[in-house]
Amino acid sequence: MRDYIIVACLALSVIGKASGTVVDTGADAQRSCALLVEGSFHDNGEARSAGACEGMIETAMFFSPNLPPDVRACPPGQGSILEGAKVLLRYLDQNPDRLEVPGITLAFEAFRDSWPCQGDDAEPSGRSGPKPKKRGPKKSK
């Protein structure tokens, strides 16, 4: 898991430095993703911020199913980047004490809480959202 997070963070830091916009913390993610969800940009800086959120969400959605079971998430196959941004914003609204945590980490937590993978018995990593239901073995007929 650590390798995936390191790769994702490095990719985001390179993208962020190239565009002049970085999503370092949850507070940065909250601002950038709110711009993406609103879809109304007043200048190039706001458009770049929304793009930084889009890149972070896309990265998190791509890597989430491949992480270890305790942090893995299974976003819907047809899930959109916009839907992922809304999931992250909802998570940040419910966990304002986590705004200093890296944005990508919070995205993974938000996705884990909202889209747990079937069969994962681990508890959600964050503090909000539904807990996955534990299912017993199927009864044979």
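1. In this predicted model, the cover over the buried residues of H2 includes helix H3 (44-63), helix H4 (81-94) and helix H5 (103-114). The residues of H2 that are buried are Gly26, Ala27, Asp28, Ala29, Ser32, Cys33, Leu35 and Leu36.

2. Just after H2, Gly39 adopts a positive phi of about 70°.

3. As to the overall fold, the secondary structure amounts to five helices and zero strands, which reads along the sequence as α-α-α-α-α. Of the 141 residues in the protein, 41% are buried, and among contacts between residues at least 6 apart in sequence, 63% join residues at least 24 apart. The protein exposes about 8300 Å², with carbon and sulfur atoms supplying 53% of that area.

4. A search of the whole structure finds two disulfides, and with bonded cysteines counted along the chain their pattern is 1-2, 3-4. Since Cys33 lies in helix H2 and Cys53 in helix H3, the pair ties together parts that are 20 residues apart in sequence. Cys33 is buried, at a relative accessible area of 0%, and Cys53 likewise counts as buried at 0%.

5. The other disulfide joins Cys74 to Cys117, with an S to S distance of 1.9 Å, and this link is right-handed with 100° about the S-S bond. Because Cys74 lies in the loop between H3 and H4 and Cys117 in the segment after H5, the pair ties together parts that are 43 residues apart in sequence. Cys74 is partly exposed, with a relative accessible area of 32%, whereas Cys117 is buried at 6%.

6. The structure also holds two aromatic pairs. The rings of Phe62 and Phe63 have their centres 5.4 Å apart and their planes at 85°, so this pair is edge-to-face; Phe62 is exposed, with a relative accessible area of 58%, while Phe63 is buried, with a relative accessible area of 15%. The rings of Phe111 and Trp115 have their centres 5.1 Å apart and their planes at 40°, so that pair is tilted, and both Phe111 and Trp115 are buried.

Conventions. Residues are numbered from 1 along each chain as its sequence is written. This is a predicted model: local features need pLDDT of at least 70, side-chain atom pairs count only at pLDDT 80 or more; totals for chains, interfaces and linings use all residues. Side-chain values use heavy atoms; hydrogens and water are left out. Rings of Phe, Tyr and Trp (its six-membered ring) pair if their centres lie within 6.5 Å; planes under 30 degrees apart count as stacked, over 60 as edge-to-face and the rest as tilted. Buried means under 20% relative accessible area, exposed over 50%, partly exposed in between (1.4 Å probe, protein chains only). Helices (H or I, at least four residues) and strands (E, at least two) are DSSP runs, numbered from the N terminus. Contact means heavy atoms within 4.5 Å. Accessible areas come from the Shrake-Rupley method with a 1.4 Å probe; for residues, only the protein chains shown count as cover. A disulfide is a pair of cysteine sulfur atoms within 2.5 Å.
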